[in-house]
Every structure is written in structure tokens, then in C-alpha cells.
Amino acid sequence: MKRFANLKRLGFFTRLLDEAPPAERYRFAAEQIVRAEKAGLDSAWIAQHHFHEREGGLPSPFTFLGYVAAQTSRIRLGTGIVTLPLENAVRVAEDAAVLDLLCNGRFELGVGTGGNPSAFAAFGLDSAQRNEIFARNLDVVRTALVGKPLTGGDTLYPQRPQLDKRIWQATFSVAGGARAGRAGDGLLLSRTQPRTKEAPRATLAEIQNPVIDAYLEALPPGCEPRIMASRSVFVADDRTEAMRLADIGLRRALPQFLKGGHARPGESLEEMIIAFDTHVGAADDVIASLRADATLERVTDLVFQAHSVDAPHPHILRSIELVAEKVAPALGWTRTAADVALAG
């Protein structure tokens, strides 16, 4: 029975895509994170997206996580990701430092180059320069966090140098994996990504294992790897109900999926589940599905999200419980002793 020996932490992730008005989306996501903490999960992550409500419902991640921090006490709170090229780097450092203080050191800063080209245009930027802007902004964030002088001589207040050791970089590419490794940062791997024309049927593991290889090769000696894989996971008490909800959600998500550069899947639900890299069903189904993902043998952190099934809010709450109670323990994750005592 395969268990993932490197798996240390379990997390929940949301892009805040519930079928609801914005205020309800935010309330639902906060309730989901509170439920994740109660279930014993180690972390909760949210994504930042500007403008496009079908891609993500949250342009202001620090504001939202401050709201969630006040409702939680133990679970770590992370950005997966801040779209760093679209942000003022000094303000990112300031917001991250203040948030980390308010949540008693529970914040994890995930950053990436992402963003729709039209979002770059709205900010007066060229999306073709995203990598250069990202690198420049990340240097500024680091300089500010550790208290070094910025251009003009000012230094950050409040300073939060320990956050420099809690930066994660998201990437689709081998070059991005090497970049994160050289910096000693954590590596964020996505729940899915488009296949190339040369390898249209490649598994997610076949795409992501070379990224991990590059990350580990570039990591400085003595620097502990931090490798997080996000995965689409939806669990229900009943397999039939899980598949019914998956059929609704995946077909609803198909237009956005195709806009993201993915190839059109077949018409059957089984073909769509494979194309979306989704793990869905009752607990035993999902355990077996995740065990077949070779990437997960190498990660330190597994973060699951209900996208693109995007079941109604009560079903997501139940899925969080089932992952913590049945799925993750079968893969090698254990709740901390302190958390078990707290839950008791």
C-alpha cells in the first residue's frame, strides 16, 4: 500500500469560485478555511486574480487573509499566488509583514508571474515582460523584508526578515523550478497544466517531475526542500453523488479550460476527469487515484482544491472533512499531536 514518505503537511486551496455573489464567495471561502483548521489541516491557500470572475474571485489577498486570520488560530495562511508583476513590490512586502504580525507568524508568501495578458494591459504593463518584472519585483520584496535600504534609503517598517524564508515560487517550467531552487524558496506546482503538442497525452507527473529535478539540483547545499503540489480533489460519502457533481462542474468549467490552452477532452465524464487531472469519488476512489500520481511521492506539501468540480458549499465542507479523516492519512499524512489535543 503506497504511502508518500516525504509528505509532511496537508493544505486546502481555493480560488474563491463558488457560484455566488462576491460577498458570499468571501464568506464561503472563510468558512471553508475555518473548517480546514477544525479538521486538522496544516495550511490554507488562496489565489489572487484581477478582473476575471470565472478564473478567480479575489483581487485583494492580504485583505482577505487578514479577515481569515481573525477567525483562525493555528492553520498557516498562504497566497498561491500573488501575481507579483502586477503589484507594487514595496507594498507587497509591507502587506506581507503586517499580515504575518497579525496572524502570529502563520503567513506563507507564494508568488508567481501569472496573470491574463489583458490584466497586464489594464495595469499599463506588457505581459511579454512578465518574467523580467517578476524578477525585479521579487528582489525588491526580499530587500524590503530583510530590512536592507530601498532606493532612496528608506527601510521597511515593520521589518519581518523571517518571511524571506517563507517565500514560494509557482512555475510551470523547468527554468522556473531552477530559479526557485537557486533562491532557496519553496516550489509551487499546479493542479493541472496544458500539454504540449509533442506530448499531448503526457501525465501530470511526466510534466512536473523534471521541474522538481531542476529545483532540487539548483537548491543550495543544506537548504531543506519545500515542494508543494496542488491537486484537484473532491470527495463525497457516496461515489454516485461525487460523479454527479463532477459532471456538472467539469462541463461548466470546460469553456474556461479550453481558453487556458488545454486540448478539448472527449465527451464522457471519465475522459473529462482525466483531462482536468481531477481526483474524484468516494474516499477509496480518491486514495487510489492519488497513489497513481508519481509526483506526490516527492512532495513535502499536498494542497487540495475542489476546482473544477466546484460543488456547492456544503459539499466542499464535507469534502474537506473526508480528505482529512480518510484520504490523507492513507497517503502518509498525520495530524500533529498538539492539533489532536486541541481538537479533543
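A residue counts as exposed when its relative accessible area is over 50%, as buried when that value is under 20%, and as partly exposed in between. With that in hand, take F51: its relative accessible area is 57%, so F51 is exposed. Keep in mind that we are looking at a predicted model.

You'll find F51 in the loop between β2 (43-46) and α2 (61-69).

D277 also has a positive phi without being a glycine, here near 55°. D277 sits in the loop between α9 (269-275) and β9 (278-281). Is D277 buried or exposed? At a relative accessible area of 12%, against the cut-off of 20%, D277 is buried.

Then there are the cis peptide bonds. One joins G80 and I81, with omega about 25°. I81 belongs to the loop between β3 (76-79) and β4 (82-83). Another cis bond links Y157 to P158, and its omega is about -5°. The loop holding P158 runs between α5 and β6 (167-170).

**How the helices pack**

Two packed helices are described by the angle between their axes and the distance between the axes.

| Helix pair | Axis angle | Axis distance |
|---|---|---|
| α3 (residues 89-102) and α5 (residues 130-145) | about 40° | 8 Å |
| α1 (residues 22-38) and α11 | roughly 20° | within 9 Å |
| α1 and α2 | roughly 50° | within 10 Å |

Start with α3 and α5. Their angle of about 40° makes α3 oblique to α5. The crossing of this pair is right-handed. On the α3 side the contact is made by A89, V90, V92 and A93, and on the α5 side by N137, V140, V141, A144 and L145. Sorted by class, that contact has eight nonpolar residues, one polar and no charged ones.

Next come α1 and α11. What does an angle of roughly 20° make of this pair? Angles under 35 degrees count as roughly parallel, so α1 and α11 are roughly parallel to each other. α1 passes α11 in a right-handed crossing. From α1, the contact uses F28, E31, Q32, R35 and A36; from α11, it uses H313, I316, L317, I320 and E321. Which classes turn up in the contact of α1 with α11? The residues divide into five nonpolar, two polar and three charged.

α1 also packs against α2. The axes cross at roughly 50°, which makes α1 oblique to α2. This crossing, too, is right-handed. Y26, A29, A30 and I33 in α1 meet F64, Y67 and V68 in α2. By class, the contact has seven nonpolar residues, with no polar and no charged ones.

In soluble globular proteins, nonpolar side chains tend to be buried together. In this model, the largest nonpolar core has 90 residues, and those with the most contacts inside it are I33, L41, F64, F107 and L109. Which helix gives the most to this core? That would be α11 (residues 313-331), with nine residues.

L41 is another of them. Leaving out residues up to four places away in sequence, L41 touches L10, G11, F12, A36, R74, I75, F304, A324 and W333.

C223 lies in the loop between α7 (204-218) and β8 (227-235). Its relative accessible area is 26%, so C223 is partly exposed. How far is the C-alpha atom of C223 from that of R182, 41 residues apart along the chain? The separation is 10.0 Å.

N88 is found in the loop between β4 and α3. N88 has a relative accessible area of 47%, so it is partly exposed. N88 and P225 are 137 residues apart along the chain, and their C-alpha atoms are separated by 28 Å.

Technical notes. Residues numbered from 1 in each chain as written. Predicted model: local features only at pLDDT ≥ 70, side-chain atom pairs only at ≥ 80, totals over all residues. Heavy atoms only, no water. Axes fitted to C-alpha atoms, helices over the stretch in contact; angles between N-to-C directions. Helix = DSSP H or I, 4+ residues; strand = E, 2+ residues; numbered from the N terminus. Parallel < 35°, antiparallel > 145°, perpendicular 65-115°, else oblique. Left-handed = near helix turned anticlockwise from the far one by under 90°. Contact = heavy atoms within 4.5 Å. Nonpolar A, V, L, I, M, F, W, Y, C, P; charged D, E, K, R; others polar. Core = buried A, V, L, I, M, F, W, Y, C linked by side-chain atoms within 4.5 Å. Buried < 20%, exposed > 50% of the residue type's maximum accessible area, 1.4 Å probe, protein only.
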